[in-house]
Amino acid sequence: MAPDNKQPQGEQFFTPGATGLRKAVERRSAVPMTFLFTQVPRWVAPALLVILLLAGFAVTNPLGGVAVLPVLLFVGWLAYLSWPSLSVGGKVLRVAMLTFLVLLMATRFGAL
């Protein structure tokens, strides 16, 4: 019996023809993504990211930068995984969001 594929017609979890770093990241991301989207209640990840981001805004010392770091890593991870399937507008938005988070973190660490 074939496994039940719940992805939309034509969608694939892994990038077709991926090699090297992309293939390794996609393979290693399969377990955390499966855990995050099947074992943890849906509201936990967004709520935690919002709390960390708000803490990054509110706390103006390096502790605020530490709070923003997991948000930056998570958004960067998702941006990397989705990059091949994004339109130009989607790519621009991802880069803008990552730039904003890096600048926010830099201000909290006193780099700017």
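A residue counts as buried when its relative accessible area is under 20%, as exposed when that area is over 50%, and as partly exposed in between. Keep those cut-offs in mind. The model above is a predicted one.

Start with the overall plan. The protein chain holds four helices and zero strands. Read from the N terminus, its elements run α-α-α-α. The chain has 112 residues, and 22% of them count as buried. Now look at contacts with a separation of 6 or more. Residues 24 or more positions apart account for 55% of these.

Next, find helix 3. The N-terminal end of helix 3 has a cap, N61. A side-chain oxygen of N61 lies 2.9 Å from the backbone nitrogen of L63. Follow helix 3 along to V68. There the helix has a kink of about 25°, shortly before the proline P70.

Which residues of helix 3 are buried? They are G64, G65, A67, V68, V71, L72, A79, L81 and S82. These buried residues pack against helix 1, helix 2 and helix 4.

Now turn to helix 4. This helix also has a stated length of 21 residues, and it reaches 30 Å from its first C-alpha to its last. That is close to the 30 Å expected at 1.5 Å a residue. Its buried residues are G90, L101, L104, M105, A106 and R108. Helix 2 and helix 3 are among what covers them. Just after helix 4 comes G110, with a positive phi of about 80°.

The largest nonpolar core has seven residues: L49, V68, V71, L72, L101, L104 and M105. Helix 3 and helix 4 are the elements that give two or more residues to this core. Take L104 as an example. Leaving out residues up to four places away in sequence, L104 touches L53, G56, F57 and V68.

Is R108 buried or exposed? It counts as buried, because its relative accessibility is 14% and the cut-off is under 20%. What does R108 touch, neighbours within four places in sequence aside? Its contacts are G56, F57, V59, T60, N61, P62, G64 and G65. N61 is also the residue that caps helix 3.

The structure holds two aromatic pairs. One is formed by F57 and F100, and it is tilted, with 6.0 Å centre to centre and 45° between the planes. This pair links distant parts of the chain: F57 is in helix 2 and F100 in helix 4, 43 residues apart. F57 has a relative accessible area of 38%, so it is partly exposed. F100 is partly exposed too, because its relative accessible area is 39%.

F74 and W77 also form a tilted pair, with 5.7 Å centre to centre and 55° between the planes. Both lie in helix 3, three residues apart, about one turn of the helix. An α-helix has 3.6 residues a turn, so residues three or four places apart point the same way. W77 has a relative accessible area of 22%, so it counts as partly exposed.

Definitions and conventions. Residues numbered from 1 in each chain as written. Predicted model: local features only at pLDDT ≥ 70, side-chain atom pairs only at ≥ 80, totals over all residues. Heavy atoms only, no water. Core = buried A, V, L, I, M, F, W, Y, C linked by side-chain atoms within 4.5 Å. Buried < 20%, exposed > 50% of the residue type's maximum accessible area, 1.4 Å probe, protein only. Contact = heavy atoms within 4.5 Å. Bend = angle between axes of the 7 residues up to and from the residue. Polar contact = N/O pair within 3.5 Å; in protein donor to acceptor, adjacent residues only side chain to side chain. Phe/Tyr/Trp six-rings, centres within 6.5 Å; stacked < 30°, edge-to-face > 60°. Expected span 1.5 Å × (residues − 1).
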